[in-house]
Structure formats: C-alpha cells, structure tokens
Amino acid sequence: MKWSSIFAELVLLLVKSVYYIGESIYYMFVPLPEKSLADDIVLITGTGHGIGKCLAMQFADVSAKVVCVDINEKSNAETVKEINSKWKGKAFAYTCDVSTLEKVRELGERVKSEVGTVTILVNNAGIMPCKPLEAHDEATIRKIFDINVFAHLWMLDTFLPGMKALNKGHLVFLSSMAGIIGLKNLVPYCASKFAVRGLAEAIMDECRGDGFTNLNFTSIFPYMVDTGLCKKPIIRFPSLLPLVTPESTAREIISAVRRNLFEHSIPSPLLAINNIFRCYPYKMAMDFKDFMGGGVDAHDD
C-alpha cells in the first residue's frame, strides 16, 4: 500500500472525526428528529408488568403494532386487553419462556404467520436477585444468565434474519447502569448486564460489516427503576437521583428508538458522567461513587 493512500485515509478520518464531534455538540442543543413507527411491528419481552407493560402501552400510542411476550399468560393477557380497549387490534399476546431456544423459535413462527415480520425487537425481560455472590446458588446464577443474556441471543437468532431480509429493523437491548459499573450485592446481575452491552456492540459491528446499513441498534442503561425488583435501594441523594418510574423509563426508551440513538442512559447524564470518570484515575472514580452512595441492600427474592 502506498504511503500517499494511507495519508489520504488519515486526512479523511481526521475530517470526519471533526465533523462527528461538531455534529454531537449540535445535537446536544437541537434534538434529533423522531422517526414514525406507524408501519412497525414491535415485539417486546416481559410485557406482563413494569417497564415492558409501559413500553407496550406507549408503542401502541405511537401507532405501532405490539407483540407482547411474557411467561406469565394472565398478566400478559391483561396488558393486551388494556391496549386493545384503547387501540383496537394493536396488540397481540404470546406466552413464551424466552430462555429456551426451541420455545423462542416456535414463537417466531407463530408471530410471523399471525402478525408479520418483526421490525423492532425490544429485549426487556430480566431478573435481578439482590444478594452477595456467596448467597447465590448455581441454579439462580444460571437462571440470571438464561433470562438476562441467553434470551437475547435466542431472540436475535429468531428475529434478526427477518430484519436482514427487509434490510430494515431496530434492535433494542435493555442493559442497566449495573452494566456500566459494578455494584455490591449484584455480582451475577452486573455480569449479565455487562454481557448485554458487549452483545449489542458486537452484533451492531457484525451487521454493519455485512452491509446491513438500515438496521439500527439501541442499548439502554436505566438507573434503578421502581418496578419491585429492587426492594431495598440505597440512595444518598434522593432529590438528585430518585428511583425512576417505569412510565418515564418507557418514554425515554421509545424516544431513543425514534431518534436512532446507539446508547442512552436513564437519566441521560449518567452515561456521560461515567465516560468522563473513566478517563481519570480509578481511585478517583471509586471515591466519587462512594460519595454518591448508590446501590442496593441484600434481600430475599
């Protein structure tokens, strides 16, 4: 390779980098336009309660068809009934254990034949046992990874090919701020959410490298959400960082999807704050974390 060619590539890289920095600064002050979701089929896991239920309600409110998936048939049916009482024919209920590949593939066949090709996939289902690592048994740790990690892979295996065939789609990964920083009493949970973050980055890079330029990816990193999973939150400054409601979390997720954001924390400044402190000495970052005092106390499931 000629040095002149390498030099030209470096100049182009520099110009593009300056442009991207300027673009990012611009969009800090001017919100990105939100795309329409009226023609989309949105599949959401964990719609029986909490964030998943709120997501289903709010996606229907912006005219998307919503495929509601949960292992709890009764609560999921209630979600769909509530949606269809407001927006007739917008929601469809499916009962599925998303931690099992065979069940997810059966789900995929049914959804495709009965509703259509999924164009937005929201991997929301998850569990969060809060206890020291030594208090976890093998079955609990495996269950955390089956639901929080492997379910993402099975859903991708089943629904990503349809998006690739259309060269259109959006994949949404529910990670957590516990997938950004490690926390006491959440060791396996943190490991699972760090895995989700890596999965999202890797599948984005793979699809991008394979030329699927119209596929979008969004990773979500919520702070502690008041869904009942976190029964004993530790919050030193509740007026500054209160528990986040499922309704507001769902609104921010849908806004992030409509703006095609790659990463988004809830509240939004948290990811930027973490990125800044990662540039400083580790001890400084730990002292700041201790000062803020966030976390969870151990409690029974």
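Predicted model: local features only at pLDDT ≥ 70, side-chain atom pairs only at ≥ 80, totals over all residues.
**View 1. Strand E2 and its cover.** Let's start with strand E2, which spans residues 65-70. Five of its six residues are buried, leaving the strand mostly covered.

**View 2. Strand E2 beside strand E1.** Here E2 runs parallel to strand E1, residues 41-45, and five bridges join the two. To find your bearings, look for Leu43, which stands opposite Val67 of E2.

**View 3. Strand E2 beside strand E3.** E2 is also joined by five bridges to strand E3 (residues 91-95), and these strands run parallel. A handy landmark is Val69, whose bridge partner in E3 is Tyr94. Between E2 and E3 the chain passes through helix H3, residues 73-86, in a right-handed β-α-β crossover.

**View 4. The nonpolar cores.** The largest nonpolar core holds 47 residues. Ile44, Leu55, Phe59, Val122, Val172, Leu186 and Ile253 have the most contacts inside this core. Helix H2 gives the largest share of the core, with seven residues. Zoom in on Val172 and, setting aside neighbours within four places in sequence, you will find Val172 in contact with Ile120, Leu121, Val122, Asn123, Thr218, Ile220, Ile253 and Val257. Another core, of 29 residues, lies apart from the largest one; Val104, Leu156, Leu199 and Ala200 are among its members. As background, nonpolar side chains tend to be buried together in soluble globular proteins.

Note on methods
Residues numbered from 1 in each chain as written. Heavy atoms only, no water. Buried < 20%, exposed > 50% of the residue type's maximum accessible area, 1.4 Å probe, protein only. Helix = DSSP H or I, 4+ residues; strand = E, 2+ residues; numbered from the N terminus. Pairing = 2+ DSSP bridges. Right-handed = clockwise from strand over helix to strand, strands pointing away. Core = buried A, V, L, I, M, F, W, Y, C linked by side-chain atoms within 4.5 Å. Contact = heavy atoms within 4.5 Å.
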